[in-house]
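Q: I am new to this structure and would like to learn how to read it. Could you walk me through some features?

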Amino acid sequence: MAKQTVERYEETELYRLRHSAAHVMAQAVVQLFAGDVRVAIGPPIEDGFYYDFELPRSLTPDDLQAIETGMRRIVLGKHPFVRREVTAAEARAEFGAQPYKLELIDGLVSGAKAEAGERVPAAPAITFYTQDTFTDLCRGPHLEHTGQLNAQSFKLLSVAGAYWRGDEKNAMLQRVYGTAWRTPQELKDYLWRLEEARKRDHRKLGKELGLFHFSEDIGPGLPLFTPKGELLRHQMETYVRETQTRYGYQHVWTGHIVKEDLYKRSGHYENYKDAMFPPMVDDNITFRLKPMNCPSHMTLYREMGLHSYRELPMRFAEFATLYRYEKSGELSGLTRVRSLTQDDCHIFCTPEQVGSEFALALQLITEILNRYRFADYRVRLSLRGTAGKYVQDPEKWEQAEAALRTALDVSGVDYYEAEGEAAFYGPKADFMARDVLGREWQLSTIQVDFIQPARLGLGYIGEDGREHVPVVLHRAVTGSTERFLGVLIEHFAGAFPTWLAPVQALLVPITDRNHGYCQKLAASLSEAGLRVDWDGGVERMNAKIRKAQLSKIPYILVIGDREEEQGGAAVRLRSGEDLGAKPALEIIDLILAAVAAGT
Ligand SMILES: [Zn+2]
Ligand SMILES: [Zn+2]
């Protein structure tokens, strides 16, 4: 069985270890500044921890070194973490000179904000954790003693400004970020991944590879794609389109602007109006830029006439550019944009077909993820659970959840269940894929929908001759072309597999004499369906080869007099590997074989 159980981060040893590291760091900072420190909050975060301080001066890189040294001393002291329940009065007495802690205590007493900023029930117990000379207002949990931290397994990474409680009206504090692991090797591996992620940052690589730009003149979050970038997009979309066609999908097109009323009827207006661009009004009709396709595809299904159960399932697919009003502070390269092209599909089926349609979509998604060389992925199956928010049609829910579970068991894909996480309209499966650096990205999704089809008046005539409401499966494989391209750039470090690379082969003539033959060879490669370019510039050959390698072009074909005479080229790979001189036909076969193999 591929079903897994997943431990919550909050319950793991790493979480306790990082929380304890935050307290040890706070003690080291207090000691470094001889008590002249106002401490705020210090929670564990993904891969590490931070702590916010108000200090008499800005921290320098030397300070971070000194704090780390202080932390090691505290670790070696093996001081126990001692938990103590206190009254509000005791808590206030302890933190008399600490205004941020006093504010937190007030919050705890009135049941407002807890340490990590979330709401807690009124009047919880106030607890202290003390190690050595440092006491913190804290709910825990912690290690037993500081010696359980490995003195060589943590590192402070950076300092950043952070407003108290994230509110710019409040004081600006200094936030020190650190990372902590179980062993020195784990720390080393993490620091390597961090450095590698920096090198692979798609915003940096996208510029170096000449794939896309953002312009002040266009606006934030609205990317422009260069010819090479568009070639990549086109390859990605063509591949998914062809695969979908093979799986029985039909492609449709539904435009960019829709009457706002439709979103009111579908229920999107209520839930997504903040993510929509402002309305456009013409002749008393209010329009919106399309933020999602579902209502358009469902309307198209309805307008195509009365359907019979014999026509189902119907699978509509579209590469639709949608517009979402993301806050400008949340925009980030291609991974968070305001214009995004979704590979969106809606499958209209009978309730009995939900299981087989879900299984087919699973198969399609795994085929595509494998092609993009995401070997490590798992599915989060979000179910209704026991939460009371899913009131309608309990039988339909049960049937659908059982069908999804069975399909996942049969498929052998790793999955885990998240009770109470379903969308309000039905259960869903999200694919979480790990890239080569081990980072998990949410990519594909399949969502069952019992609600919208009825709201938008969809129907089909069943075997019984009566009208029924179809179930709709919402399905996206790559999510959006833009975000997926950002993920791919980092996954492949810009070295796209040959089938995807915007330029598959670059021809490099050694002298001007070879230009003519170079063009001829380029033409025969193009005729074989390959994407080629040639470098007729004045730089020396080695400089051209280096440039081609930096551009991550899979094949570099060098042509001198001898190669021209023999009707071929000397073949180099972007890795630097030299395959030697080969005849033209052999080169074409070699590249076509790589395309077919997906390498
Ligand atoms: Zn704490
Ligand atoms: Zn949808």
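A: Gladly! Let us begin with pairing: two strands pair if DSSP finds at least two bridges between them. Helices (H or I, at least four residues) and strands (E, at least two) are DSSP runs, numbered from the N terminus. This is a predicted model, in which local features need pLDDT of at least 70, side-chain atom pairs count only at pLDDT 80 or more, and totals for chains, interfaces and linings use all residues. Residues are numbered from 1 along each chain as its sequence is written, while chains are lettered from A and ligands numbered from 1 in the order in which they are written.

Q: In what order do the three strands of the open sheet lie?

A: The order is E13-E15-E14, with antiparallel pairing. Strand E13 (257–259) and strand E14 (280–282) are the edges, each pairing on one side only. Strand E15 (residues 285–289) is joined to E13 by three bridges, and valine 258 has arginine 288 of E15 as its bridge partner.

Q: How many bridges join strand E19 to strand E21?

A: Seven bridges link E19 (residues 376–383) and E21 (residues 428–434), and these strands run antiparallel. Tyrosine 377, for example, has alanine 433 in E21 as its bridge partner. E21 also pairs with strand E22 (residues 440–449), again in the antiparallel sense, over six bridges. The hairpin of E21 and E22 has five residues between the strands, and in it glycine 438 takes a positive phi near 80 degrees.

Q: Now the helices. At what angle do helix H1 and helix H2 cross?

A: Axes are lines fitted to C-alpha atoms, for helices over the stretch in contact, and angles run from 0 to 180 degrees between N-to-C directions. The axes of H1 (residues 13–32) and H2 (residues 61–76) cross at roughly 115 degrees and come within 8 Å. Residues in contact have C-beta atoms, placed from the backbone, within 7 Å; among them are Val24 and Met25 of H1 and Ala66 and Ile67 of H2.

Q: Why is helix H11 called oblique to helix H12?

A: Angles under 35 degrees count as roughly parallel, over 145 as roughly antiparallel, 65 to 115 as roughly perpendicular and the rest as oblique. The axes of H11 (residues 354–371) and H12 (residues 394–411) come within 9 Å and cross at roughly 40 degrees, which makes H11 oblique to H12. Their contact includes Phe358 and Leu362 of H11 and Leu404 and Val410 of H12.

Notes. Contact = placed C-beta atoms within 7 Å.
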